[in-house]
Amino acid sequence: MREVIVTGGGTGIGYAVAEAFVADGDRVTITGRREHVLREAAARLGVRAVPFDASDPAAVAAALPHLPEQVDVLVNNAGGVSPGSVDPTDLAAVAALWRADLERNLLSAVLVTTALQPRLRDRARIVNIGSIAARRGAGSYGAAKAALEAFTASLAATLGPRGVTANTVAPGVVLHTGFFVDGLAPERLERLVGETFTKRAGTPADVAAAVRFLCSPAAGHLTGQVLHVNGGAYLGR
């Protein structure tokens, strides 16, 4: 039985990933900032909940005693995009926006992975949830996800001699998540779906299936890669 940790595991993609590992008989711990949401999800899944803000160094350190002593799979899913926009002439607001997106999408993965690195078993698996935005742009959010890809490559090189793999799964548009704070306008959804070859939006289960494969024994020689799950909207060539 593997010990699995999924950050941001209370809803959406993180919940689907945790659900997939539960189905495999693994022992799963989910983390997240919203304690009530996290504990409700844990009760439904039959997993352990450890609430904390993954972008806060003190919170990560305080959570360590409550996390597994040995880790076979770490999925860094915690993240999100800042709602709304800022006045580009207000440089303080611009800086705050960029810092917020970098903290929630990059620093969260850096802190949790660094804290848990001594606990990773040989041949463990790390999967970071990126985004099509890393290749398409999207301002501070896309830049943070691009940096996450670079961090993943660095992890793969550092941990490879131990048989530990590190990969990024980069979804396109995925429905049934909390990512789009104000919902997705029908016109925008139609445009995004129109960019795919499959002519449909992704689901959390699509992303979870890719994560599940990367964490399987069959993917032991696959590391440092970006696996695009977007129906062909972006070709990872």
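Two strands count as paired when DSSP finds at least two bridges between them, and strands (E, at least two residues) and helices (H or I, at least four) are DSSP runs numbered from the N terminus. The views below show a predicted model in which local features need pLDDT of at least 70 and side-chain atom pairs count only at pLDDT 80 or more, while totals for chains, interfaces and linings use all residues. Residues are numbered from 1 along each chain as its sequence is written, and side-chain values use heavy atoms, with hydrogens and water left out.

**View 1. Strands E5 and E6 side by side.** Here E5 (residues 120–129) runs parallel to E6 (residues 165–171), joined by five bridges. Look for Asn128, which sits opposite Thr168 of E6.

**View 2. The open sheet.** Its seven strands follow the order E3-E2-E1-E4-E5-E6-E7, with parallel pairing. Strands E3 (48–51) and E7 (226–229) are the edges, each pairing on one side only.

**View 3. Helix H8 on the sheet.** H8 (residues 204–214) lies across E4 (71–76), E5, E6 and E7, at about 165° to E6; axes are lines fitted to C-alpha atoms, for helices over the stretch in contact (heavy atoms within 4.5 Å), and angles run from 0 to 180 degrees between N-to-C directions.

**View 4. Around Val169.** Leaving aside residues up to four places away in sequence, Val169 touches Val127, Asn128, Val207, Val211 and Leu227, among others. Val169 is also one of the residues with the most contacts inside the largest nonpolar core, which has 30 residues. Helix H1 (12–23) is among the elements giving two or more residues to this core, and H1 gives the most, seven.

Terms used: A nonpolar core is a set of buried Ala, Val, Leu, Ile, Met, Phe, Trp, Tyr and Cys residues joined through side-chain atoms within 4.5 Å. Buried means under 20% relative accessible area, exposed over 50%, partly exposed in between (1.4 Å probe, protein chains only).
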